[in-house]
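Welcome! Here is a friendly walk through one structure, from its core to its aromatic rings. Have a look at it first, and then read on.

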Amino acid sequence: MPTKKRIQREDILKAAVQVIRREGPSALTMRRIAAQVGCSTQPLYSEFGGQEQLLGVLCEYIRAQYLAAPCCTYRDFGRLFLQFAGQEKELFCFLYLRKRAPGQTLVEDANFNATLHLLQETLEISHEQAAELHHRMQYYCYGLGTMIATGYRTMSPEEIDRELAEFFCLLLEHYKHASDAQTLAYWLERSRHPMLSNEGGTYGNTQNKGL
């Protein structure tokens, strides 16, 4: 029977997360991670091959642990992202403020496919339109998240919800030609209740509705 490894891959990834939380992304080295685990650097190199490979896996691990979640409405995705920026500032900076190689995606999104499906279903738009709309929301949330994580702005849950709703209204005006209050209220309610039929529901005041 093969000998069980004493140091598991997840032990190393959890240790790396703790180093970032405690000392910031710039402190993340193989030696620091190994010290957090309580071992030499040899198990880290054996498991990942090198620091760049470990960092790539670590990004995926953090996104899966903190940003991948079942969300019922479009606002849930934005809320999750911005709450992560506020609650896990150093991890946010590690994921989203690091330098990227040419051609890399600006904002990695653990919920991308689920988000596009939700937008297509609730707003009755094409995959291409859903992707374009979502990218615009991503860039907006990326800016807000960066300000939150770096201390330029603090936002309460109520402020986050209001910001997301107001920007989403602007997107609806463009993608659904929702220039009047009644049309805007209709699509806001649809986005709030994904299973709502075209005929169901009542649409009145838009305040605190949608997403």
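## The nonpolar core

The largest nonpolar core has 65 residues, and among these Leu28, Leu58, Ile62 and Phe94 touch the most other members. A nonpolar core here is a set of buried Ala, Val, Leu, Ile, Met, Phe, Trp, Tyr and Cys residues joined through side-chain atoms within 4.5 Å. Helix H8 (residues 127-149) contributes the most to this core, with nine residues. Helices (H or I, at least four residues) and strands (E, at least two) are DSSP runs, numbered from the N terminus. Buried means under 20% relative accessible area, exposed over 50%, and partly exposed in between, with a 1.4 Å probe and protein chains only.

Before going further, please note that this is a predicted model: local features need pLDDT of at least 70, side-chain atom pairs count only at pLDDT 80 or more, and totals for chains, interfaces and linings use all residues. Residues are numbered from 1 along each chain as its sequence is written, and side-chain values use heavy atoms, leaving out hydrogens and water.

## Two residues and their contacts

Leaving aside residues up to four places away in sequence, Leu58 touches Leu13, Ala16, Val17, Ile20, Leu28 and Phe94. Contact means heavy atoms within 4.5 Å.

Arg63 belongs to helix H4 (residues 51-67). Arg63 counts as buried because its relative accessibility is 14%. With residues up to four places away in sequence again not counted, Arg63 touches Ala68, Leu95, Glu108 and Ala110.

## Aromatic rings

There are nine aromatic pairs in the structure. Rings of Phe, Tyr and Trp (its six-membered ring) pair if their centres lie within 6.5 Å; planes under 30 degrees apart count as stacked, over 60 as edge-to-face and the rest as tilted. Phe81 and Phe92 form an edge-to-face pair, because their ring centres are 5.4 Å apart and their planes are at 65°. This pair links distant parts of the chain, with Phe81 in helix H5 (residues 74-87) and Phe92 in helix H6 (residues 89-96), 11 residues apart. Both Phe81 and Phe92 are buried.

Phe92 also pairs with Tyr96: the ring centres are 5.0 Å apart and the planes at 45°, so this pair is tilted. Both residues of this pair, Phe92 and Tyr96, lie in helix H6, four residues apart, about one turn of the helix. Tyr96 is buried, with a relative accessible area of 1%. Ring pairs join Tyr66, Phe81, Phe84, Phe92, Tyr96 and Tyr142 into a cluster.
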